[in-house]
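These are my notebook entries on one structure.

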Amino acid sequence: METWDVLHYTFIGLTSVGVIGSAYLIALDGVQKIFGSDIFHKKIESQKDLDKSIKEEAEKLGLENLVINSKLYFDITTQVQRKGAEYMIQINKDENPTVSFVRHEMYHIYKGDCERKNSWIRYLLIEEPRAMLYGCFKIKI
Ligand SMILES: [Zn+2]
């Protein structure tokens, strides 16, 4: 192959990965927006709702012995983090959160995702889709 061919195919390859990767992320986000919405799940309207939901979901996953703190915020990313021996779930009130959001973050804890080192590939291809499946449809994989 000539240098030009190599560059040409490299360009096509990278473009394909970019296009497929973007479509994948949009699809993943879209599924969560629709199937995680208040059409299918109870809304989280207050800190009291959130606390109750965390307690219920912890019992379902057998995580009731863990210390899981939570807070409703405006203008932040919904996420879960491990802080020492405790977990902190932050839920963005602007995203119109439902029980599905809580279930999604709890599944990250259940699967030990908070204990692992950050790897974007693992996060996007394994951790996020399985948390999404559990959050939206209660499917455990
Ligand atoms: Zn997630």
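**Entry 1: H3 against H4**

I began with helix H3 (residues 99-110) and helix H4 (residues 120-137), whose axes come within 8 Å and cross at roughly 135°. H3 is therefore oblique to H4. I noted the crossing of H3 and H4 as right-handed. On the H3 side, I listed Ser100, Phe101, Arg103, His104, Tyr107 and His108 as the residues that make the contact. On the H4 side, the contact is made by Glu127, Arg130, Ala131, Met132, Tyr134, Gly135 and Cys136. Sorted by class, the contact of H3 with H4 has six nonpolar, four polar and three charged residues. I record here that the model is a predicted one.

**Entry 2: Tyr107 within that contact**

I next looked up Tyr107, which lies in helix H3. Is Tyr107 buried or exposed? Tyr107 counts as buried, because it has 24 C-beta neighbours inside 10 Å and the cut-off for burial is 20 or more. Apart from its neighbours within four places in sequence, Tyr107 is in contact with Arg130, Ala131, Tyr134 and Gly135. I also checked one pair by distance: the C-alpha atoms of Tyr107 and Gly135 are 7.6 Å apart in space, with the two residues 28 apart in sequence.

**Entry 3: H1 and its packing on H4**

I then turned to helix H1 (residues 3-35), which packs with H4 at an angle of about 15°, the axes being 10 Å apart. H1 and H4 are therefore roughly parallel to each other. The crossing in which H1 passes H4 is left-handed. From H1, the contact takes Leu28, Val31, Gln32 and Phe35. From H4, the contact takes Glu128, Pro129, Met132, Gly135, Cys136 and Phe137. The class count for the contact of H1 with H4 is seven nonpolar, two polar and one charged.

I also looked up the span of H1. Its 33 residues reach 48 Å from the first C-alpha to the last, close to the 48 Å expected at 1.5 Å a residue. How many of the 33 residues of H1 are buried? The count is zero, and H1 is hardly covered.

**Entry 4: H2 against H3**

Helix H2 (residues 47-61) packs with H3 at an angle of about 45°, and I read their axes as 10 Å apart. H2 and H3 are therefore oblique to each other. I noted that H2 passes H3 in a right-handed crossing. In H2, the contact involves Leu50, Ser53, Ile54, Glu57, Ala58 and Leu61. These meet Val99, Val102, Arg103, Met106 and Tyr110 in H3. I counted the contact of H2 with H3 by class as eight nonpolar, one polar and two charged residues.

**Entry 5: Ile91 and Thr78**

I looked up Ile91 in strand S3 (residues 86-92). Ile91 counts as buried, because it has 26 C-beta neighbours inside 10 Å. Leaving out neighbours within four places in sequence, I found Ile91 in contact with Ile44, Leu50, Ser70, Leu72, Thr78, Pro97 and Phe101. The C-alpha atoms of Ile91 and Val80 are separated by 8.7 Å, the two residues being eleven apart along the chain.

Thr78 is partly exposed, because 18 other C-beta atoms lie within 10 Å. Not counting residues up to four places away in sequence, Thr78 touches Gln90, Ile91, Asn92, Glu95, Pro97 and Phe101. Thr78 and Asp94 are 9.9 Å apart in space, C-alpha to C-alpha, and 16 residues apart in sequence.

My last search concerned backbone angles. Asp75 has a positive phi of about 65°, although it is not a glycine. I located Asp75 in the loop between strand S1 (68-73) and strand S2 (79-83). Asp75 counts as exposed, because it has 7 C-beta neighbours inside 10 Å.

Lys138 is not a glycine and has a positive phi of about 60°. I located Lys138 in the segment after H4. Lys138 is exposed, with 11 other C-beta atoms within 10 Å, and the cut-off for that class is 12 or fewer.

Conventions: Residues are numbered from 1 along each chain as its sequence is written. This is a predicted model: local features need pLDDT of at least 70, side-chain atom pairs count only at pLDDT 80 or more; totals for chains, interfaces and linings use all residues. Axes are lines fitted to C-alpha atoms, for helices over the stretch in contact, and angles run from 0 to 180 degrees between N-to-C directions. Helices (H or I, at least four residues) and strands (E, at least two) are DSSP runs, numbered from the N terminus. Angles under 35 degrees count as roughly parallel, over 145 as roughly antiparallel, 65 to 115 as roughly perpendicular and the rest as oblique. A crossing is left-handed if the near helix is turned anticlockwise from the far one by less than a right angle, and right-handed if clockwise. Two residues are in contact if their C-beta atoms, placed from the backbone, lie within 7 Å. Ala, Val, Leu, Ile, Met, Phe, Trp, Tyr, Cys and Pro count as nonpolar, Asp, Glu, Lys and Arg as charged, and the others, Gly among them, as polar. The expected span of a helix is 1.5 Å times one less than its number of residues.
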